[in-house]
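Thanks for taking a look at this one with me.

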Amino acid sequence: MKRAVISVAAVAVAAAGLYAGTQYYIGTRIAAQADEWRQQAAAHEELWVTRLDYEAGLGGGTLHYDLSYRPLPGNPLHDLLAEWQPTPELHLQGSLPVTHGPWLGSEGFGLARVEHQSPLPEAARAWLPNYPGQAPLLTLTGVQQWDGSHQLALRLIDYRGQMAQPGGNERLELTLADSQLDARWQPRQQRLQLEGRIGEFSLGLPSIAERLSLQQLSLTMDATAADRYLWLGDSALALQQLRFSSQHTRFGLQEAIVSTRTEQEQQHLNHHTEISLGGVTLPAQQLGPSRLRLALNRLELAPYQALLQRLERFDPGQDAEAEWQQIRPLLERLLAYQPELGIEEFSLSLAEPHDTSARASLRYTGTGSLDPEQLPRQLHLAAHAQASDAAFQQLLSFMIAEESPGLSAEQQQQILAESAPQMKALLLQTPFVVQLGEQLQAELVLENGQVSAHGQPVMSAEALLDASGLGEG
């Protein structure tokens, strides 16, 4: 019996010692992290640190902070804050309770957890008469994992009710629901992952029957910081539905997605962007699915970063010519590596799915010197477009409806019947457009200072610039 009691006591003492040792270790880790944050913040020229330290305890502790963000002149936030308050700065001061691990409840295992609830500012309460009492406007939860990664979750309160300007007679109907952001930062890999969404948002003005609404706006990103000005990885912004309606007009957007990918290939960057729309509703036209795919390739990393660093210091208050003289050599250095900009696909659905399309590529082929006289011979441009006859008719119909909304449908059809053959004939008179079957095809190629189309020479680049009004002549 005595041995059993002694064993239980030994286990209890060992467990208590282990718990105390774990708490001491966690407190030391968090304090060291606070010191690292303080050093990083102090090194930033726009951050002022009065206090940032951690007071550890058993089972938890307190993070004390007193920080000021003072954007410098030239930073857009400097001018924005200057309009709101005499001193353009954001000041944060307070204390946050921190819960120690190793078990953090719903977050599972982890080093530490912090939660902060921000109340609705009293100045904003009069604007939101249906706000639910003292419920927190924003809930922030932060977790630090054992591997050093950080997780942050933001939750915004749902609001369905009126929005009214104090002293005003007009009241808006506001809905904001299911709004949240989750972020994970892995400092060892310099990797940032984001997932955010707004489930529903609408703003209506009943007196004039206007309403703007969106459904399921989401953001995802998985990127790695390669340098101060460079993130490699993927991102996507998706929207299920966007609508605007009033007594006089309407607009709608379905299934919109904007995705990007940035990759590094040796010392070059390749960047791709794709915009996809499921459908667009306009006052006089309904468009089907459409796509736009852009690519920027062979962007040399070092001169690109140098150019961005100089542009960050661009001062619009200085002499424009003096600023250009500093930016120009950096731009020329970047062009010397002959980057290429391409529209890989631009397609619309007018009469049939994707019955109108275009593609183009523009590449600089010179040594980097920005000589206006030589530039036409240092560019290689290839542009192609095509549209079915039905799409051409639909496009003209849309243009007529936009320019003459007061005409009846019969009158618009009559104008279309008269103008379509004339417009097509004018296009076919140019060397750039040909008719192939039921397709209108356009082409323009600029190479070595000469313009050609469909395999036939047309004119010099200088003549094309003069004809377009962009040349010196």
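Which side chains meet in a salt bridge with 2.7 Å from N to O?

1. The pair is Arg 113 and Glu 115, whose side chains meet at 2.7 Å, N to O. A salt bridge here is a side-chain nitrogen of Lys or Arg within 4 Å of a carboxyl oxygen of Asp or Glu. Glu 115 is partly exposed at 34% relative accessibility, where buried means under 20% relative accessible area, exposed over 50%, and partly exposed in between (1.4 Å probe, protein chains only).

2. Before going further, please keep in mind that this is a predicted model, in which local features need pLDDT of at least 70 and side-chain atom pairs count only at pLDDT 80 or more, while totals for chains, interfaces and linings use all residues. Residues are numbered from 1 along each chain as its sequence is written, and side-chain values use heavy atoms, with hydrogens and water left out.

3. Arg 113 has another partner to look at: Glu 107 forms a salt bridge with Arg 113, and their closest N and O atoms are 2.8 Å apart. Glu 107 is partly exposed, with a relative accessible area of 29%. By the rule above, the count comes to 20 salt bridges.

4. Next, go to Glu 344 and Arg 293, a salt bridge whose closest N and O atoms are 3.1 Å apart. This pair links distant parts of the chain, since Glu 344 sits in strand 17 (residues 340-348) and Arg 293 in strand 16 (residues 290-300), 51 residues apart. Strands (E, at least two residues) and helices (H or I, at least four) are DSSP runs, numbered from the N terminus. Glu 344 is partly exposed at 36%, and Arg 293 is partly exposed at 28%. Both belong to a network of salt bridges that also links Arg 291 and Glu 345.

5. Now for two helices. The axes of helix 4 (residues 301-312) and helix 5 (residues 320-335) come within 8 Å and cross at roughly 165°. Axes are lines fitted to C-alpha atoms, for helices over the stretch in contact, and angles run from 0 to 180 degrees between N-to-C directions. Helix 4 and helix 5 are therefore roughly antiparallel, a label given to angles over 145 degrees.

6. Finally, Trp 146 lies in the loop between strand 5 (138-144) and strand 6 (150-156). Trp 146 is partly exposed, with a relative accessible area of 34%.

Methods: Parallel < 35°, antiparallel > 145°, perpendicular 65-115°, else oblique.
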